[in-house]
Number of protein chains: 2
Amino acid sequence: MITSTLIFRQLFEARSSTYTYIIGCAATRKAAIIDPVLETVERDAKLISQLDLDLQLGLNTHVHADHVTGTAALAKIFPSMRSCLSDESGAKADRLLAHREKVKVGRLEMQCRHTPGHTNGCSSYVLDSEGLVFTGDALLFRGCGRTDFQQGDASRLYDSVWNEILSLPDNFSIFPGHDYNGHMSSSVREEKKFNPRLTLEKKKFIELMNNLKLDYPKQIDRALLANMKNGEM
Amino acid sequence: MITSTLIFRQLFEARSSTYTYIIGCAATRKAAIIDPVLETVERDAKLISQLDLDLQLGLNTHVHADHVTGTAALAKIFPSMRSCLSDESGAKADRLLAHREKVKVGRLEMQCRHTPGHTNGCSSYVLDSEGLVFTGDALLFRGCGRTDFQQGDASRLYDSVWNEILSLPDNFSIFPGHDYNGHMSSSVREEKKFNPRLTLEKKKFIELMNNLKLDYPKQIDRALLANMKNGEM
């Protein structure tokens, strides 16, 4: 989508069902990328160049367990790009962001909100002027990230989502880190009303999350090792 | 995305890599769906209901050869929905649209532009007020639909794309019928500059399109038979 202030693209990496986002300031051509995937760095770099954008920030919503981040590879192509991660992640990045810290993308301003629970170092990024929030794995379309490994904590996740994401205005669009059924976005209004997990009482949510019995993520060993070092292999 | 006038959703059907779109008028809650797929009708109907939208139109960009349209199944769930198709398609629909005919979605207005070449009955839908165009298989991200079966005609496709789509303002967003590499949208500016096929001279484009040597579409026999009758099986 293109508005007078924003250049916006959502991209999909099929193997890990990951969404990557490009956010560009229409006035200055400065840009950020959220959650790039190593395997699609070439595709994303080409698009950024064709959109005539100057990539400044590579934001990871957390230390991913299901794919290797593309931030290290992108920094080689765009030397002025700085990788960013929550300062509670315990991992390496050019810039470690505190809760509610703001980052500039040209004239646009994004706020990092810590939303731990899926991992310790999860954060969401709020683009207030455009009514958008990028939630990583904290909040998914009618779902949320798992909490059964990698410092997962269902109680913390519940509080994060309600206090930092669903407290935003109803008409804010939610852009998640993944989807497995072809949904690409949601809104605060919808998730407050229809999210089958988050609409439960906290106690029931914790009980549900602690009994999901999910498979061990396929790429976790390779991914975590690399992502703790900003995606360097 | 949500604006003061528009409720907009893009959805993906993985087997045929098809994009489906929901376009709602924020003021009246009237809505249209573009290119629904039979296999994901339940998903789409649920979302339309949760968004509190009243589905009025089921627009097909053409008689698809790679999937069965969901319009017949949606009409059973939303009895006031009317299916629409180009009047050059030779197929059945509740409403057959002429070139440049307009359809209302609440206070929004979409224009049907015939863009034949992939098939005789291809059309694109332009939502002028929001700067969006839905191009079906006429124009894809850095590509276009094939022209080697189903009344395909490379010369007609070239003219359709240049005269009816790439003549729109540069900042119009293009939402295609498919993508196979995780791209979800493009813009007129980009395709005019970077589309490797459409930036060729017409003669070279025709030569290229006539020598693609593509496989026969897997679902074509089942799909065409159903789609000529508005998706009734």
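Predicted model: local features only at pLDDT ≥ 70, side-chain atom pairs only at ≥ 80, totals over all residues.
Between chain A and chain B the count is 2 salt bridges. Side chains of opposite charge can pair when their charged atoms come close.

Polar contacts also cross the interface of chain A and chain B, where 12 residue pairs meet the rule, both residues of each pair being at pLDDT 80 or more. On the side of chain A that touches chain B, two or more residues each come from strand E1 (6-13), helix H1 (41-50), strand E11 (173-176), strand E12 (186-187) and helix H4 (188-194) of chain A. E1(A) gives the largest share of this side, with 5 residues. Sorted by class, the side of chain A that touches chain B consists of 13 nonpolar, 10 polar and 5 charged residues.

In the contact as a whole, chain A takes part with 28 residues and chain B with 28 residues. About 2,400 Å² is buried between chain A and chain B, and 58% of this area lies on carbon and sulfur atoms. Of the area that chain A buries against chain B, 28% is supplied by Met1(A), Gln50(A) and Met184(A), more than by any other three residues.

The arrangement of the two chains was examined by superposition. Chain A is superposed on chain B by a rotation of 180 degrees with 0.0 Å of shift along the axis, at an RMSD of 0.0 Å. The two copies are therefore related as by a two-fold rotation axis. Both copies use the same surface, in that 100% of the contact residues of chain A recur in chain B.

Within chain A there are 6 helices and 12 strands. The radius of gyration of chain A is 16 Å, close to the 17 Å given by the globule rule for 233 residues, so chain A is as compact as a globular protein of that length. The C-alpha trace of chain A spans about 50 × 40 × 30 Å along its principal axes.

Terms used. Residues numbered from 1 in each chain as written. Chains lettered and ligands numbered in written order. Heavy atoms only, no water. Contact = heavy atoms within 4.5 Å. Buried area = accessible area lost by both parts, 1.4 Å probe. Salt bridge = Lys/Arg side-chain N within 4 Å of Asp/Glu carboxyl O. Polar contact = N/O pair within 3.5 Å; in protein donor to acceptor, adjacent residues only side chain to side chain. Helix = DSSP H or I, 4+ residues; strand = E, 2+ residues; numbered from the N terminus. Nonpolar A, V, L, I, M, F, W, Y, C, P; charged D, E, K, R; others polar. Least-squares fit on C-alpha atoms with pLDDT ≥ 70 in both. Rg over C-alpha atoms; globule rule 2.2 N^0.38 Å.
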